[in-house]
Amino acid sequence: MSEDYEMMCGIEIHQQLDTKKLFCDCESRLCEEGYGAFYRRLRPTTSEMGEIDRAALAQFQRHLGYRYQCCHGTSCLVELDEEPPHSVNADALGISLTFSVMLHANVIDEIHFMRKIVVDGSNTSGFQRTALVATDGYVEVGDRKISILSVCLEEDAARKVEAKSDEILYRLDRLGIPLIEVATGPDMRTPEEVQEVAYRLGTLLRATRRVKRGIGTIRQDLNISIPGGARIELKGVGDLKMIPDYVRNEVNRQKMLLRVREILNGRGAKPLDFEPVDATEIFRDCESKVIKGALDDKGAVIAVRMPGFAGVMNGDNKTLRLGSEMAGRARTKGVKGIFHSDELPNYGIEQSYVDRLREFLGMTGENDAFVICAAREKKAKDALQAAIERANEALEGVPEETRDPLPDGTTKYSRPLPGAARMYPETDVPPTEITAARLQLIRDSMPEFPEQIEARLVGQYGINPQQAKQIVRQSNDELFERIAADRAMAPIAATMFLNTFSELEKEGLDLSVITDGMILSLFDHLKQGKFAKEAMPAILKEMAAGTSIDDAVKKLGLEAVDTDEAERIIDQIVKEREAFVREKGMGAIGGLMGPVMGALRGKIDGKTANELLTKSIKKLLG
């Protein structure tokens, strides 16, 4: 195995179920507008062992308030935490049991719900209800068995709508939607294997035919570590195609931090004392926009000396990036960022200010560094204290933490990694006994596995095995079958899903806005002869931009023509090229198909155009 990928990774997948909510009869759908709002502040509580979870404590120390919007039909007093939960949704529990059996897992005899402390505002109660359903399963990917540690049934969180500096607005439509959480062991050894396991678990979940589809209905958490590093949780990875990038970047980040530790320890660097100094007067006339803005807001410039840390915050051709780690911690205290000596002079801070500050701080050592923050004094000091704490952690190596994925494949600090001190029993939901008879009924009525679906698509609709595999992998098999009920549409649908979509995505188009209903309507238009199949890429491009199908057809000039009109256009093309036709004879068909399809593309299909062109050439040649 290449040392470049020496790593361990486990994955947790959270999939919404297509049922009503877990503890009430509200519909599990999102709404576009909320109404009303109520305000709460949340505080962490102790676990059964009398401990407070470190992640919950860190979130509480951000001093945020939370406001909640309701939605008609999707939220009630249960979501508001003003009424006890109702009985657990029987359909959701049944789906979780079926999925557990599909993973060869051992189902728990009696299912108990627990409360998991969550004080980021995403749950009105300050906790999430979750139940262990099964353990010790496995999933086969390639020639390997990946262990399944657990299958849980839990409730989804509220949906964040808006975030301000001191308050977050949530909407309650998503809160309480049932989720299956499946967690693997740390068995994956390459970025690509992590991706394949995610695809496999996703296809198995969708094979139940009872899970939701679309953006936000499935989320992945990655738990990554390397030798000498630590477990890092990447929370909420949505795009499976990005998984290898996230894994590689996290592996490289941990390797970078191990290099930083080696350099610091080699220098004999000691833990830093937090000794903030007011350096405002040095920067009073500085032209930096950040500093000027802070001072105009009655802020200050606070500095902290960092003996032994020069060169590791943004050094060695910017491959050492402890400074960005420190900035991530500082931002949790409400500042936009910090400045450190490895990146200065820059950002409007000239060398003269750097020199004056170094002298002011008494920096004489070759490896001495500093960090500054411009903000209101208390906020600046709080931010710098967090930054210095992060710098001190670098002496030990890689700290355990939760990180959020960014669109470019990198991540940012979110909070400390949660511990075991955040779970305690749920007293409002009675346990559910799972009998052997109930499990046998599930085993007797198992859904098709992905391989069985693929084989059926090949046999029933005439597509090849590779096409069937990709359609199932992309979770388009149900939609494909609805379209392919008209067998003539099967090859067209396969081409659209496997070729057209990928080509349009390469052009940067967001196809997620095109719903299943819109696709079905597109094929209805095609069957009605309103355009030819060759026009579908152009129409889909317009649909992705928000144009209706009918408007797209008109805009692109694709209104279908009848056979008589098409024949007239083709006769004209042949007549204009009569000399070429007489020279080539029937061999002119190949040379004239381009002009014909250019004139009629999207108006008639290629087969009909070829037939009419052949007829026209024969007529000319007598």
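Axes here are lines fitted to C-alpha atoms, for helices over the stretch in contact, and angles run from 0 to 180 degrees between N-to-C directions. This is a predicted model, in which local features need pLDDT of at least 70, side-chain atom pairs count only at pLDDT 80 or more, and totals for chains, interfaces and linings use all residues. Residues are numbered from 1 along each chain as its sequence is written, and side-chain values use heavy atoms, with hydrogens and water left out.

Q: Why are α10 and α11 called oblique to each other?
A: The axes of α10 (residues 450–461) and α11 come within 9 Å and cross at roughly 130°. Angles under 35 degrees count as roughly parallel, over 145 as roughly antiparallel, 65 to 115 as roughly perpendicular and the rest as oblique. The pair α10 and α11 is therefore oblique. Both names come from DSSP runs numbered from the N terminus: helices are H or I with at least four residues, strands E with at least two.

Q: Which residues of α10 and α11 meet?
A: Contact means heavy atoms within 4.5 Å. In α10, Pro450, Ile453, Glu454, Leu457 and Val458 meet Pro465, Ala468, Lys469, Ile471 and Val472 of α11. These residues divide into eight nonpolar, no polar and two charged. In this scheme Ala, Val, Leu, Ile, Met, Phe, Trp, Tyr, Cys and Pro are nonpolar, Asp, Glu, Lys and Arg charged, and the others, Gly among them, polar.

Q: What makes a space a cavity or a pocket?
A: On a 1 Å grid over the protein atoms alone, a cavity is a set of points where a 1.4 Å probe fits but cannot get out, while a pocket is an open set with protein on both sides within 12 Å along at least five of seven lines. Lining residues have an atom within 4 Å of a point. Points are joined across faces, edges and corners, and a volume is the space filled by probe spheres set on them. By this rule there are three cavities of 30 Å³ or more.

Q: What lines the largest cavity?
A: The largest cavity holds about 110 Å³ of space. Of its 15 lining residues, Val78, Glu79, Arg129, Glu155 and Leu175 are the closest to its centre. The lining divides into six nonpolar, four polar and five charged residues.

Q: Which element gives the most to the lining of the second largest pocket?
A: About 1700 Å³ of space lies in this pocket. Of its 37 lining residues, the closest to the centre are Arg213, Gly214, Ile215, Gln474 and Ser512. Helix α13 gives the most, with five residues.
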